[in-house]
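Here is a short briefing for a first look. Take a moment with the sequence and the structure before reading on.

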Amino acid sequence: MTTLTSAARRRRPINWGRVASWAALVLAIVVTVGPFLWMLRTALSNNHALASQSSSLLPADFTWGAFARVFGLQSQAQAQAEGGSGASINFWQYLVNSVIVSTMITASQVFFSSLAAYAFARLQWPGRDKVFALFLGTLLVPAIFTALPNFLLIKNIGLLNTYLGIALPSMLMTPFAVFFLRQFFLGMSREVEEAAMLDGAKHGRIFFQIVLPNAAAPLATLCLLTFIAAWNDYFWPLLVGNDPAIRVLTVGLGVFKSQSPQGAPDWSGLMAATLVSALPILLLFVAFGKKIVNSIGFSGIK
Amino acid sequence: MKKALGAVAVAAAAALALSACTGSGSSNQAASGGEAKGDISYWLWDANQLPAYQQCADDFHKANPNINVKITQTGWDDYWTNITNGFVAGNGPDVFTDHLSKFGDFVKNNQILALDDAVKNDNVDLKQYQKGLADLWVGKDGKRYGLPKDWDTISLFYNKDMVAKAGLTADQLGTLSWTPQDGGTFEKTVAHLTVDKNGKRGDEAGFDKNNVAVYGLGLAGSGSGNGQTEWSWLTGTTGWTHTDKNPWGTKYNYDDKKFQDTIAWFHSIIDKGYMPKLETTVGASVADTFAAGKAAINANGSWMIGQYFGYKGINVGLAPTPTGPDGKRASMFNGLADSINAATKNPAAATKWVEYLASPACQDVVASKAVVFPAISEATDKAAAAFKAKSVDVTSFTQQVKDSTTFLFPITENAAKVDGIMKPAMDGVFSGKAPASSLTDANSQVNALFQ
Amino acid sequence: MTTTSVGTRKPARRSTESDGPKRTALRRGLGDLRVALLFVAPALVGFVLFYLVPTIRGIYLSFTDYSILGNPVWVGVKNYVKIFQDKLVWNAMGVTLEYVLLNIGFQTVIALGLALLMYHVAKSTLIRGVLLLPYLVANVIVALLWFWMLDYQIGIVNQVLQWIGIPRVAFFGNEFWAIPTVAFVNVWRHMGYTALLIFAGLQAIPGHLYEVANLDGASKWQTFWKITMPLLRPVLLLVMVVTITGSFQIFDTVAVTTQGGPVNASRVIQYYIYQRAFSQQDFGYGSALSVILFIILAIVAFLQMKFLRGNENDLS
């Protein structure tokens, strides 16, 4: 990287390619951020005034009401007066549920997937490549196949409306996680492992003391991606965890969507809810993002 | 290799076992009498009605301390996904809000309990409901599968300011007439309420139909095969009915000239610029578009009253739908009911709760919240009074019921498959891609489902 | 799928050699089987329970008449015969293909561009974070948001178009625009995420190669095609396999917005399967469609692997 910067410095001061590059980057940022500003504008609006002020760029009848609704701080009458549904929202409970479920999924899935990925990348056993191909093949299985039988299975083992029931199907593996980590392990230098092997270290020790610490960056990246996916999942938690006590955020905030045919959503509430529920991941990203993004290094992914 | 095959066989057997454990119980009559106690779950979809039913549940618990009702609310789309999966898994709610378009399939697959014994033993008075509502819930087998909870009809919601600016009165809007040939005074009114970018009205010379600022009549969509809020309030005035008989018809009438002429008329006012093009209606709801001042009139259902009158900065009026060639109005009459899941572990308590939901005690509570019209005639009057107290005059909805100008929601089997055929077919006609006569072909596809 | 040919053979052999001579013969045949089984076991359980069994069940159901609520009845290949006569299936295939081409085409090119910009122009974590923002929002919400912003009559985008003098567009309602719009919405959500993955791959390319190219007087264009692209291939493989297989399964966005319309213009295959299987309770037919989709995807994935030859990094 350093060589590249110096190469760049050698160039002439006015560089039209560079101007064009920045223009493209700015455009990408505008296109990315624009809708978020519109979300914020909507979240600060009175839902009942949104339609009549659809061409204004400022919040329609500015109010914090939508955020109050999200946190369940608005009385039912107040909520309905501002275009909310009036159903009660137990925001903090949903938030806790989401954190629990997403953490369970992330920790467990990344750990078990890394075990499997190690076996696929580093161990030598008959049928290894075939089994791996099978695992990869699950990327192709339409979700419609799996939803119903998995629902039945969770129900039959008595896990409906439990945290474990929501988390279990993605706790043991996902094809993406295994694929992702295997690619990394394949690329990692073997020298240290081999030295340890000669010292008589067992695979378990090598895995925990050498491989995992060396793969910290990709593991962190995968954790973040898994957490985001678990956090945003909607359909499955709705099926198995619709009980109000167990609802995760995405399901709980469904009250802001249209409730009856022909109805319109509570746009202000929905946007406020979306911003608020994206916040925890954003914080996570701010906390770890720098490390993750800068050191992802697919160093020799193969 | 052999081992692998064995594993596959085991997996397959497990899969079969899984898929086989779906059926339902033996007796499909709801229990009445017996000891009613324990917890029961109740599902509904409309969050606006949740407070009313929560109060019903609390009152019910006070009267029956041994029974706890736990209510779960889920929005419309997710609601039916959850109901279906609940049936498959044999858990689902004990009692749930049922819809006419769905209950036929539930009956066919023995998923819900018949209520005849309960009605007989507990002397539920079926005459207390608005006429026809109770009979909607009698299945093809002659058994009763739901007790009515509410009903809805169609009216015209209009923008009072636009109407006043156009020099029209509420009386004029309340006495419109329509024919499929020239659209009658209804089309004239709609044309007059349409305004283009230059301020020219739809019935003035020089009207620019390609640059319309306000449409006389809003459009929600093509209405698929049902057209409840889209076109059924006009097709109903021509003497046309969806099916050969209702409920449980086995032949649809989309090949009828009366129907096709009506749909062709709708397309004609789109062509004239009085109603938005179909492609422009995909997005925000028709009500939001109305509130944005893009349409002067919307035809919509009584369950939307709260939505329309809630908008800020818009002055909403209500008018009955126009009279048709036979001089009468028409509105689809749709109702919801509560049904009992056949897989309930507590049929006695569930039955008691359904009966309570269908009783004056609960329906008066619902009426007092002024959200929907309860099924019991007297509760309907109370609801009308409650609406009045919120300064909403709902006569245009209740009048159709009083005058018996309603026709029942068409109930047949294969409802979802009919929708699958009719949605694209109607889209084609409304968007002008196909002539109204193309519906004859769609109709034969629909009727083939019943052979 | 032949992703796996890279040899871990060497170290493995060495490890067996380091073992006592007694077990060597046995270990030669089975390798690290016992350890491997231990490592793979949890994932394997998850794979069998939550993927394999449902898939086999789905394949079985594709030979039945099954309404979800009732019991399946064996009907042989009837569903498959029906599929070949069903015009909507072929329409759905065409629509889905159009979507995949637009989605993957734009997404990959834009993401690659952004990754190069991130790498060469703006090495700011903030910019990377900002570009990842859309991915933090659930796809159903993203779909709803755009559905509303792109509304013909009251959407802000059309309002802006009007301000700058461009005629309004019925993004979701027009037969021509429906699929490109759905594709755009998903490109918007995924471009930052994809760019980040590619960016990570770029970081892995040794800087001295660029220096050498520079000294040799290679143009930027040549450097890009001769050095960057070949070395990026392994990452591109991962990205392409995941995004293309995901792209074929487009469902949520359509379900939330156009629901297949106008007429049949956006009735993508997954949505059609959903309609047949769940809405119309013809689960057997839906399953048969899924099996066919599965086979098609498998072929696509196989060709991709062959074509991209992702395993052969030009460095090693």
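This is a predicted model: local features need pLDDT of at least 70, side-chain atom pairs count only at pLDDT 80 or more; totals for chains, interfaces and linings use all residues.

Chain C touches chain A through 110 residues of chain C and 102 residues of chain A. Chain B and chain C also meet, with 36 residues from chain B and 33 residues from chain C.

**Chain C with chain A**

- Chain C and chain A bury about 9,700 Å² between them. Carbon and sulfur atoms carry 76% of that area.
- On the chain C side, Phe39(C), Phe50(C) and Trp148(C) lose the most area to chain A. Together these three make up 9% of what that side buries.
- Zero salt bridges are found across this interface.
- Seven residue pairs are in polar contact between chain C and chain A, both residues being at pLDDT 80 or more.
- Helix H3(C) gives the most to the side of chain C that touches chain A, with 19 residues.
- By class, that side of chain C has 73 nonpolar, 28 polar and nine charged residues.

**Chain B with chain C**

- About 2,900 Å² is buried between chain B and chain C. Of this, 61% lies on carbon and sulfur atoms.
- The count of salt bridges between chain B and chain C is one.
- Lys433(B) forms a salt bridge with Glu175(C). Their closest N and O atoms are 3.2 Å apart.
- Four residue pairs are in polar contact across the interface of chain B and chain C, both residues being at pLDDT 80 or more.
- Five helices of chain B give two or more residues each to the side that touches chain C: H1 (2–20), H3 (76–89), H4 (100–108), H11 (286–291) and H17 (415–430).
- H1(B) supplies the largest share of that side, seven residues.
- The residues on that side of chain B divide into 16 nonpolar, 12 polar and eight charged.

**Aromatic rings**

- Over all chains, the structure holds 75 aromatic pairs.
- Take Phe63(C) and Tyr80(C): their ring centres are 5.3 Å apart and their planes are at 40°. Planes under 30 degrees apart would count as stacked and over 60 as edge-to-face, so this pair is tilted.
- The pair links distant parts of the chain, its residues being 17 residues apart. Phe63(C) is in the loop between helix H3 (33–61) and strand E1 (64–65) of chain C. Tyr80(C) is in helix H4 (residues 78–85) of chain C.
- Tyr80(C) is buried, because its relative accessible area of 15% is under 20%.
- Chain B has an aromatic cluster formed by Trp151(B), Phe157(B), Phe290(B), Tyr308(B), Phe333(B), Phe373(B), Phe387(B) and Phe397(B).

- Where is Gln228(B) found? Gln228(B) sits in the loop between strand E7 (212–217) and helix H9 (232–235) of chain B.
- Gln228(B) has 12% relative accessibility, so it counts as buried.
- Leaving out residues up to four places away in sequence, Gln228(B) touches Asp152(B), Ile154(B), Trp233(B), Trp303(B), Met332(B), Asn334(B) and Phe409(B).

How values were computed. Residues are numbered from 1 along each chain as its sequence is written. Chains are lettered from A and ligands numbered from 1 in the order in which they are written. Side-chain values use heavy atoms; hydrogens and water are left out. Contact means heavy atoms within 4.5 Å. Buried area is the accessible area (1.4 Å probe) that two parts lose on being put together, summed over both. A salt bridge is a side-chain nitrogen of Lys or Arg within 4 Å of a carboxyl oxygen of Asp or Glu. A polar contact is a pair of N or O atoms within 3.5 Å; within protein, one must be able to donate a hydrogen and the other to accept it, and residues adjacent in sequence count only if both atoms are side-chain atoms. Helices (H or I, at least four residues) and strands (E, at least two) are DSSP runs, numbered from the N terminus. Ala, Val, Leu, Ile, Met, Phe, Trp, Tyr, Cys and Pro count as nonpolar, Asp, Glu, Lys and Arg as charged, and the others, Gly among them, as polar. Rings of Phe, Tyr and Trp (its six-membered ring) pair if their centres lie within 6.5 Å; planes under 30 degrees apart count as stacked, over 60 as edge-to-face and the rest as tilted. Buried means under 20% relative accessible area, exposed over 50%, partly exposed in between (1.4 Å probe, protein chains only).
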